[in-house]
Structure formats: C-alpha cells, structure tokens
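Trainee: I am new to this structure. Can we go through it step by step?
Mentor: Gladly. Have a look, then ask.

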Amino acid sequence: MTISAANLPIWLASWLVWKIVPGRAAAKMAEFSHTEAGSGLDMLAAVEETTRPELRARYFRHALDELRHARLFRERAQAWSGARGRTQAVLEDSGFIASHGIRTTESLFRQLGEREFLAFVWVHEKRGAEQFDIYASLLGHDAATAAMFAEIAKDERFHIAYSRAELDRLAKAGDEAGVRGAVFKVRARRAWQLWVRLSLDFGNFMAGIWLTILYVVLLGPFSVVARAERPVGGVVPPAPRPAPADRAREMI
Amino acid sequence: MSWVLGLSGLYHDSAAVLLHDGRVVAAASEERFSRVKHDAGLPVQATRWCLAHAGITMADVTHVTWYEKPLRKFERMLVSQVANFPRSASAFRRGTFNWLTEKLWVKAAIVKELGVAPARVLFSDHHQSHAASAFYASPYAEAAVLTVDGVGEWATTSLYRGGPGGLELLGEVLFPDSIGLVYSAFTAYLGFQVNDGEYKVMGMAAYGEPRFVDEVRKVLRPREDGAFDVDLSYVSYHWSADQSYTRRLEELLGPARFPGSGFDPTTAEGKRYADIAASVQRVTEDALVAIANVLHARTGLDTLCLAGGVALNSVANRALLTRGPFARLFVQPAAGDAGGAMGAALWTWHEVMGNPRTLDTPVLPGPGLGQAWDDATIGALLTDLRVKHEVLAPDTVAVRAAADIVEGRVLGWVQGRFEWGPRALGHRSILADPRRADMKDRINARIKYRELFRPFAPSVCAGAEGRYFDVPPGGEQLAEWMLLVAPVTTDDFPATTHADGTARLHVVHAAANPLYHALLTEVGRLTGHPVVLNTSFNLKGEPIVSSPVQALATFFRSGLDVLYLGAHRVEQTGSYDG
Ligand SMILES: [Fe+2]
Ligand SMILES: [Fe+2]
Ligand SMILES: [Fe+2]
C-alpha cells in the first residue's frame, strides 16, 4: 500500500502506534483480538436472526473467519508480549470492560435490519481491510506477522465481496435508493460515533480531574477523623431492620 | 397466577430468574446470551428470554427485585476509601465514576431498559439474596443457612436460621474481613484472574502439601470466637481497584507467580506455588468449618444450606461435610452472584409477599432451566448452513452417542435446556471415555487448551457412584450438581481422576435428565462402567455454548470429533466446507 494524501494521517498514527511506543504493538494486537471476537459475535447473532438461507451461510462463514482472526491476533499478542505480561493485563482489562456496565444489548442485526446490516458489514470490512493493509506493510519485516495479515486479508476480501454483491443485488432488484441510503447512514453514524467517542474520552478525562480534586478536598479531611477505628470484627449481631415488606423498596 | 422476577448484575455475573407461584420456571445468566464471559451488565437479554419462555410480558410480573442495595454498597466503598486516603485515589476515581454514571441509577435502568413500572421494583440485600437462594430452593423445612463470598454491601459472611417463619439473620462478619476476598487475593498472587481463576487455585492445591498454613493464617487469622479476621497489611482489595495483595505478601511467601506462565509441579518453584495453593485451600476450609461450628451451636440444626461464591469450592464443601458439624449440606447450582437473582425472587415471594412454603414440589425442577431449541429449528439451521448431518430417531440418540464415546471419540453434546449455574451437567457438555489415560491430554490439547491442574469431571449413573467414589453421607444433593469432590476408589478412570486421587463428581438421576442417564446406562452396558468424562462445552475463555449456532461455531473451531445437536449428529471431518 502506498502513502497518499488521503491516508497520510492514518499512516502517521499507525507508525506512531507501532514503532515509537514500546510494548504498544502487543497491546494493540490484543485490542484487535477483542474487536475481531466482537464482530464474530455480531455475525453469529445475524446467523440466528436472518430469515434468508443463503445469507445465513455467508454470515456463518464470516463469523468463523472473525473468530479465527481473534485467535490469530491473540496468539500474536502473546508471542510479542513475552515475559512482560503486559498483554495479559490488556486482555484482562478489555475483558473487564467488555463484561461490565449497562450496554445496548440489542444485537447489531436487530438494530439495523438486513439491508443496513449488510451496508454496515461492507463499510466496516472495507475500512478494516485498508487499516490492516497499512499495519501489514509496517510489520512486514516479521515473517509470521506478515503471513498472518496475508491470511486475514484474504478473508476480508471475501467479506467485502459478498456484502457488496448482496447490496448490488438489492439495488438491481429496485432498491437502489434504499441501498445508497443505508450506506450513507452507516458512514454518517461511523463519523458521529468517532466524535462521540472523542468527546466521551475528553469527558472522562475531565471527570477524572474533578474526581481527583473532590478526593483531595473532601475525602482528605474526612479521613483524618475516620481513620482511627476499624470495626470490631468477628460475628456481629445484626442491626435492627424493618420488616421485609417495609424495606424492600429502599435502595439503602 | 403470580410472576416474580429476580435480577443480579453490575458487579459479577448477571442473571435473571422468573418464578411462577414461587417456583423457578426460567433462570439464565446473561453471559449465555451476550457471549461475554461473566457478563456483569444488566441482564436484559436473559430477562427478555425469561418472559418469552413463559409467554408473558413485563406487565404480568408483580415484582422485579434487584439482588442487593446499591446505595449501601456505595456507602461501603466511600467509607473504605476515606479510611485509606490517599492510596485509594485511583480506586476512588474509577469506582466513583462508575457509580455516579451508572450503578446508582440501576432502578432507572431497570425501568427504562426492561420496561418495569417503577412501583414494582424492589431491592433485596446481597447476603439475604444468597441465603434465600439456598434455603428456599432447598427441600428442608428448617435449616441453618451460611453465606460466604467476597463481599456484598458490608457483609462477607452471614449466619441465618431458616424455618417456617422465614430467614432470621443471626449475625454477620463485615468487610474487610472476608474469606472470599482473601481467596481471590491469593488467586491473583498465584497468577490467575480474580473472579474467574479461583477454581484453578483449588485444582492446583491437589499438587501440593499445605506447608504454608502458618503463613497463610497470618493473613486470614482464626479468632477465638470461631470467626476470622484479615491482616490488612497483606492485602489491598480494600483500597485498590487493580491489585489485591501487597508486597508484604510476597515478603511472606516469596515472589508471586507470573500470570500466564507455565506450571510444573515437579520443579521447586512449581511445588512452592502448589504448596501455597494447598495451604490457602486448607486455611479456607478451616475457617469455614469453624464458622459452621458457630452456626451449628447457635441453631442446633443438622442441615446446612450454603451459598455465595465460596460455596462453589467443591473441595471445601467436602471438608464441611466430613469435618464440620452438619449432617447434610445443600447448595444450589448457581451459588455465586448469578444465584442472587434467584434468591431475590424467592425472598420477594416468601418474605415480602408473605407466601408460605410448600415442600411437596421442588422449587428447582432441575439444573436445566435455560433456553432449548427444538429439532425442527436445528434441522433447518444445519440445512441452511450446508452442514452434512444425520438425523437420528430420538430413541437411538443415547445408544449412538454411547458407541461414539466407547470408540474413543470426543463429543459435543447439546440437549434440551441449558444449565443454571457455571457447571455443565449433561445439557451443554463435552463427553468422552474416562477410561482412556490419554483423553485428558487430548481434550486439553485440541479443545479446551487449559492447564493441567484443571481436572475433568466424571458423570456416573445414580446408584453406581458407590462402586467408584467415596461420597460422604449428606453430600448426595451436592454430587447431583457437581459441587463436591470425592476420593476415587478405582484405577479405572485415569482421565477424570485428579492428582490427589479425587474427582469432582456428577451423579445423574433418570428423573432429572433421562436422556443423559440413558447414555450413561448404555456406556455401562458396553464397558461395565456407567461413567463418562464430562466437561463444559466451551473454548477457553468463552462462556458455555447455549444455542445451536454457538455450538456449531465452537464445534468447527475445536478438535471435537462429533456433535450431537438434539437428534442431529454432525461429524467434524467432511461435514462443512464453508
Ligand atoms: Fe477480521
Ligand atoms: Fe472481516
Ligand atoms: Fe455474592
């Protein structure tokens, strides 16, 4: 892949990620592993929810590919992290993040419906393939990694091709405007989500600062008073409580 | 006709449980739907499925009960962070942010995400939910009830008497004194992931001698009164979010084991870790037996219902039975936080709504309380995916599968509703011949990719267990749900016998699981031993499969030989080429 004005920013960013920051490469691989596993699950949900037999088979193949990519990236991450154990931490962290919090639990397929889901697959696979191309050329000096990216690239071409072919088929069958609309919506949402994430990151950063201030000025003085005693320990008798029906509505 | 829904989540494993007139009709962990291991979100998909299964809507549900008191938990967190100023700074930043942005709004989330009328949302408390899950699901009119886990709101261990008048709280041990959190701190010290790798410590213990008991007792100290306390200089769970033990613990016991590094009990280093694991296990058992003695003295009852994450420690359960004061022990399959959802619902039914218990029908019909898929759906799926398969007559499935096992094949086995709780009990299992010595390594190398200190379990036909295993009296219920280890008295099953000559036993009754029982019976006819190796159907790090699609995706990524999906039989070789 060649550097052009259009992909210069992502080139620079990737170069920074891989080359400058030591230990980042393994962590990045671990992150990829999680993303790929996530798309694998999205595809499996689509297998369960679509009513179109021929697409079902495609989605299943696609799911198996993504789950395999997840394994390949994880193995790479482990190989690179060696004895530093950083990757283990990243894998666990992202596992923790994935398993916590109130999330949208509706599957992607159910949120989008078949047509927009296909547009989503096409847009994201295309984008992902371009990114992987860049990474592959940056890391091409390592034979095992180059081979891995080559294998993945082959699968990604299939993902792009079948989703595009299906969108084309829909367009030919008279839904051209619908297909174009779906692709536009997916792209717009992608840009919007990038923005939301940036502002969320910024928000979290600011919240961190505020909470630190709160911690120092509020908890600090309190701690002087509260530090002294520790509960007696052992089996303590229960504090008197209202009857179940009376306390069931309380959150405290 | 009354429906009650119990929910747990936002901390460990989230789950939803639906009661109909006080009996469990549907129970599932969210991870089985979301495929995120230990999913700790809101159990939205599990809830949706529970309602669909019963054919009702949220409007039909009288009460929806959350398994703990969120504000009291938040208070505990703040108090311990104040007490540990300034080293709690990072935990405060992360924890408070989480609380302020979501955990405090759990009621709003239940209302919005699940469509519950606000007036119907109730809150149990954490250990009360555990206690209710153990007592009200048990067949006993009266019992002592003990709950032991990491921590709920404040309690880490609670003592109850259960009787016709309900659950009476007798006393509790409070945070930061916690058997569960100390066990987790040692889990981290031994290089495993907290809230996931605890059973690996238990497995590792079998390779060691408890020669560090004195050192471990400096951390978890027995008290005169039968309780315990924790020397907080060795642990950091009370002020840190990402580290649970301190440098001082390494000074006491030597360097911690590096996460993900290999384990070889024949090396001095490996032996040291195994010995530490054995010591931690021993001290934990001693603490449990001591507190059980206190509870026994207070209640004078001879049945113990146990719950909380620590109740999943099947080795400690044996110690409680053989060394403790109680004649029999009851633990329900989801003894950890997922089970809190069940307890919250049962507490609501009996104590908030005031319904008496009726002991003639079991509250828990069996461990298969999750979703099932019928053969028509499975057949259509296989056809759509162009997977070559054989359709068997339903009455030949067990016979055919038994033949596969005896011929040395490793089976994926997906039948009926998926299990409630973390163990596979013959509904979503990997099955193989336990007589083959190489089977353990084969399954580990090709399917589970797990460490050697994790033994595989044997399933055995009820009635035959005495021929091979030394089941302590009073442990029958535990053995049914794979919550008990038992010494193995034969050399016939090298693949399921652990390093210390024990096995985590699974006794199968025909009434609870007729098909699986038939399979075991047929294996018995062919080999003379109605015993099968049974391990959960999942790849390393993934939740147990639930749907046929997930089973297929797991099957084709594994080295399993044959997959049984209901009455459909799929072979690994030549059945699928994309
Ligand atoms: Fe991929
Ligand atoms: Fe892809
Ligand atoms: Fe708990």
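Trainee: How much area do chain A and chain B bury between them?
Mentor: Keep in mind that this is a predicted model. Of the area buried between the two chains, 63% is on carbon and sulfur atoms. The total for chain A and chain B is about 5,800 Å².

Trainee: How many residues of chain B are in contact with chain A?
Mentor: Take each side in turn. Chain A brings 57 residues to the contact. Chain B brings 81 residues.

Trainee: Which residue of chain A forms a salt bridge with B:Asp125?
Mentor: The rule finds two salt bridges across the interface of chain A and chain B. In the one with B:Asp125, the closest N and O atoms are 3.0 Å apart. That is under the 4 Å cut-off, so the pair counts. The partner of B:Asp125 is A:Arg241.

Trainee: How many residue pairs are in polar contact across the interface, and which helix gives the most to chain A's side?
Mentor: The rule finds 15 residue pairs in polar contact, both residues at pLDDT 80 or more. On chain A's side, α2, α3, α4, α6 and α7 each supply at least two residues. The helix that gives the most, with 13 residues, is α6(A).

Trainee: How many residues on that side of chain A are nonpolar?
Mentor: Sort them by kind. The side of chain A that touches chain B has 13 polar and 14 charged residues. The nonpolar ones number 30.

Trainee: Is A:Glu125 buried or exposed?
Mentor: Buried means under 20% relative accessible area. A:Glu66, at 1%, is buried. A:Glu125 has a relative accessible area of 11%, so A:Glu125 is buried.

Trainee: How far apart in space are B:Glu465 and B:His506?
Mentor: B:Glu465 lies in helix α17 of chain B. In sequence, B:Glu465 and B:His506 are 41 residues apart. In space, C-alpha to C-alpha, they are 9.1 Å apart.

How values were computed:
Residues numbered from 1 in each chain as written. Chains lettered and ligands numbered in written order. Predicted model: local features only at pLDDT ≥ 70, side-chain atom pairs only at ≥ 80, totals over all residues. Heavy atoms only, no water. Contact = heavy atoms within 4.5 Å. Buried area = accessible area lost by both parts, 1.4 Å probe. Salt bridge = Lys/Arg side-chain N within 4 Å of Asp/Glu carboxyl O. Polar contact = N/O pair within 3.5 Å; in protein donor to acceptor, adjacent residues only side chain to side chain. Helix = DSSP H or I, 4+ residues; strand = E, 2+ residues; numbered from the N terminus. Nonpolar A, V, L, I, M, F, W, Y, C, P; charged D, E, K, R; others polar. Buried < 20%, exposed > 50% of the residue type's maximum accessible area, 1.4 Å probe, protein only.
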